[in-house]
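Try each task before reading its solution.

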Amino acid sequence: MTKPPRKPAQPLLGDAEAPIRSRPRKKRDPAQPQLTLDPMPARIDPCLALLKPRPPKGRQWSFEVKWDGYRLAVHIEPTGIRILTRGGHDWTTRFPAIAAEAKRLPVSTAILDGEAVVFDELGRSDFGKLQQSLGGRGGKNASREAVLMVFDLVYFDGHDLTGIEFTARRHLLQGLVAAGGEDAIRLSEEIEADGDVLFRIACEHGLEGIIAKDRNSTYRSGRGGEWLKIKCIQSDGFAIVGYEKSASSFGGIGRLLLAARKGGELVYVGGVGTGFNERSAAELREQLDKLIIGKPAVDTGRKRNAVFVRPKLVAEIEYRAWTHDGKLRHASYKGLRDPQDNAMV
């Protein structure tokens with residue numbers, strides 16, 4: 001007995017004459033009509049690098065130059081550009097060149113993570129020059145010299161990238177910001193080299209140090225160890241607790257008296273008498289004289305011609321090492337940290 005003929009197969013999309021339709025999209029966020037997936041966060045706490053004495057070993061580590069400036073997050077949003085400091089303050093108007101360049105990037109929404117820097121004559125990032133371009137600590141100037149060295153992409157065209165690995169984020173970033181550019185937003189390039197060799201070369205060229213990043217890590221706020229910093233010259237924030245007067249020094253400041261946190265209290269860690277110029281010393285003296293107190297906030301030992309101040313100002317200090325009794329060695333003043341940069345002691 002012959003079998004009846006089989007029915008023709010149904011078209012994959014049903015009626016062959018019907019118009020082809022895709023599946024409905026995920027419902028849009030009405031507050032963000034251009035986004036189809038993840039809502040754009042108002043702010044992301046940055047991933048911070050953990051200080052280590054030597055570069056790590058292993059193929060999973062990627063290396064970059066360590067930039068010396070202000071950490072910024074650049075938000076490219078449907079309503080415009082926002083530039084936020086590490087502490088969450090809006091500094092969009094203070095970096096007009098970076099904001100203008102962000103508008104020209106070929107993306108509708110994104111959050112770029114990077115460091116605003118000003119370069120010296122040798123092409124090294126110079127924190128002092130950046131501060132001067134912004135009008136000093138507490139200044140309100142707009143810096144047109146500042147360049148954003150961008151090293152991560154945490155949100156991209158409706159997608160939250162914090163949960164994907166670093167290599168994938170870098171791949172997307174490299175497609176957005178070209179390497180070797182001269183614009184106000186530039187890619188902080190990955191350097192293919194042995195960590196120890198790169199660190200030695202960085203120090204020989206007078207750079208602050210290098211950053212190592214775990215290629216397989218997600219973007220996690222805080223110092224979780226996914227990113228490491230290895231410094232040629234140590235640099236940290238210290239509270240100013242006074243100064244020693246000198247008639248022959250800029251601003252009459254012979255030496256700043258400094259303190260660091262040990263547990264829950266401040267302890268004296270020595271002083272610094274170099275790194276000032278006429279302008280920075282005069283500005284510093286003006287601010288210090290508004291904070292004068294009768295007794296020192298910490299035990300500084302016996303000091304001649306000392307003026308003590310409330311520990312409200314945080315100085316960025318470069319130093320080579322610590323002495324056996326907990327004092328800074330070969331210290332040099334770099335500038336005052338701005339409270340809006342989330343200055344830490």
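**Exercise 1.** Find what covers the buried residues of helix 1 (residues 96-104).

*Solution.* Start with the helix in this predicted model: Ile98, Ala99, Glu101 and Ala102 are its buried residues. Next, look for what packs over them: the cover includes strand 3 (70-77), strand 4 (80-85) and strand 5 (110-117). Strand 6 (147-156) and strand 8 (185-187) also belong to that cover.

**Exercise 2.** Work out why the buried residues of helix 1 line one face.

*Solution.* Look down the axis of helix 1: the buried residues fall within an arc of 165°, so they line one face of the helix. Then turn to the other side, where Lys103 and Arg104 are exposed.

**Exercise 3.** Decide whether Arg71 is buried or exposed, and find a polar partner for its side chain.

*Solution.* Finally, check the side chain: Arg71 makes a polar contact of 2.8 Å with the side chain of Asp113.

**Exercise 4.** Describe the protein as a whole, from its elements to its surface.

*Solution.* Begin by counting elements: there are five helices and 19 strands. Of the 345 residues, 45% are buried. Now take the contacts with a separation of 6 or more: 66% of them join residues 24 or more positions apart.

Definitions and conventions. Residues are numbered from 1 along each chain as its sequence is written. This is a predicted model: local features need pLDDT of at least 70, side-chain atom pairs count only at pLDDT 80 or more; totals for chains, interfaces and linings use all residues. Side-chain values use heavy atoms; hydrogens and water are left out. Helices (H or I, at least four residues) and strands (E, at least two) are DSSP runs, numbered from the N terminus. Buried means under 20% relative accessible area, exposed over 50%, partly exposed in between (1.4 Å probe, protein chains only). Contact means heavy atoms within 4.5 Å. Accessible areas come from the Shrake-Rupley method with a 1.4 Å probe; for residues, only the protein chains shown count as cover. The arc is that of the directions from the helix axis to the C-beta atoms. A polar contact is a pair of N or O atoms within 3.5 Å; within protein, one must be able to donate a hydrogen and the other to accept it, and residues adjacent in sequence count only if both atoms are side-chain atoms.
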